[in-house]
Amino acid sequence: MAGLDGTEQPRGAGRATAARWSPAVEDERALKALDLFGNPTEHEVPLPSRPESAATARRLAQVVALRQWQLGPKVTEDAVLLVSELVGNAVRHTGARVFGLRMRRRPGWIRVEVRDPSRGLPCLMPVQETDISGRGLFLVDKLSDRWGVDLLPRGKTTWFEMRVLDR
């Protein structure tokens, strides 16, 4: 593994390395996540509010987009990225123990919703090229066709929608 200065850096014994993941390629873990957590197209899937739940949500979105909805790789990749951003915001900023993931499709559109118990509204902030965080809603705003927040009696649902080609 190359270091910052281009030299090879030693790998420590027992150090985990991140597997390269591509949302355009269905993997066993995506199918396993669907079996373990449920199908977000059939009901809201509750997930624990922990950073590792972002990977589970990405896998659920991946298997739904590719297998059930048969979306192309680019739309799938964008949808999976935006799911990760909404989930990251729910985990980092709401103080919730659990959040919910729901995915819906209607002719020409997909909609992804992340529900949490906080009524605090997300805020779209201006970003700079050098910013290393705070880009989540910026990406949602740029890659989705529309997005928003629905306040609920107890919490909110943050959602995005994307236009898709029907097959």
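The legends below describe close-up views of one predicted protein model. Residues are numbered from 1 along each chain as its sequence is written, and side-chain values use heavy atoms, with hydrogens and water left out. Because the model is predicted, local features need pLDDT of at least 70 and side-chain atom pairs count only at pLDDT 80 or more, while totals for chains, interfaces and linings use all residues.

View 1. Helices (H or I, at least four residues) and strands (E, at least two) are DSSP runs, numbered from the N terminus. In order from the N terminus, the elements run α-β-α-α-β-β-α-β-β. The protein has 167 residues, of which 43% count as buried; buried means under 20% relative accessible area, exposed over 50%, and partly exposed in between (1.4 Å probe, protein chains only). The accessible surface comes to about 10300 Å², and 52% of this surface belongs to carbon and sulfur atoms. Accessible areas come from the Shrake-Rupley method with a 1.4 Å probe; for residues, only the protein chains shown count as cover. Among contacts with a separation of 6 or more, 65% come from residues 24 or more positions apart. Contact means heavy atoms within 4.5 Å.

**View 2. The largest nonpolar core holds 33 residues.** Such a core is a set of buried Ala, Val, Leu, Ile, Met, Phe, Trp, Tyr and Cys residues joined through side-chain atoms within 4.5 Å. The members that touch the most others are Val-83, Val-87, Phe-99, Leu-101, Ile-110, Val-114 and Phe-160. At least two residues of this core come from each of α1, β1 (45–48), α2, α3 (73–93), β2 (98–106), β3 (109–116), α4 (136–143) and β5 (155–163). Helix α3 gives the most, with eight residues. In soluble globular proteins, nonpolar side chains tend to be buried together.

**View 3. Phe-99 and Ser-49 are in contact with each other.** Neighbours within four places in sequence are left aside for Phe-99, whose contacts include Val-45, Pro-46, Leu-47, Val-87, Ala-90 and Val-114. Ser-49 is located in the loop between β1 and α2 and is buried, at 14% relative accessible area. With neighbours within four places again left aside, the contacts of Ser-49 are Ala-90, Val-91, Ala-96, Arg-97, Val-98 and Phe-99. Ser-49 and Val-87 are 38 residues apart along the chain, and their C-alpha atoms are separated by 8.5 Å.

**View 4. Helix α1 (residues 28–37) has the buried residues Ala-30, Ala-33 and Leu-34.** Seen down the axis, these residues fall within an arc of 100 degrees, so they line one face of α1. The arc is that of the directions from the helix axis to the C-beta atoms. Helix α2 (53–68) is included in what covers the buried residues of α1. The face of α1 turned away from the buried side carries Glu-28, Lys-32, Asp-35 and Leu-36, which are exposed. Gly-38, with a positive phi near 105 degrees, follows α1.

**View 5. Helix α4 has the buried residues Gly-136, Leu-137 and Val-140.** These residues are on the same side of α4, because they cover an arc of only 90 degrees around the axis. They pack against α3, β4 (146–152) and β5. Asp-141 also lies in α4 and is partly exposed, at 33% relative accessibility. Leaving out residues up to four places away in sequence, Asp-141 touches Leu-124 and Trp-147. The C-alpha atoms of Asp-141 and Leu-82 are separated by 9.5 Å, although the two residues are 59 apart along the chain.

**View 6. Thr-158 belongs to strand β5.** Thr-158 is buried, with 7% relative accessible area. Residues up to four places away in sequence not counted, Thr-158 touches Leu-86, Val-112, Glu-113, Val-114, Pro-122, Gly-148 and Val-149.

**View 7. Gln-70 is placed in the loop between α2 and α3.** Gln-70 is not a glycine, yet its phi is positive, at about 50 degrees. Gln-70 is partly exposed, with 48% relative accessible area.

**View 8. Arg-111 and Arg-146 lie over tryptophan rings.** The charged end of Arg-111 sits over the ring of Trp-159, 4.2 Å from the ring centre. Arg-146 lies over the face of Trp-109, with 4.0 Å to the ring centre. A charge sits over a ring if NZ of Lys or CZ of Arg is within 6 Å of the ring centre and within 35 degrees of the ring normal.
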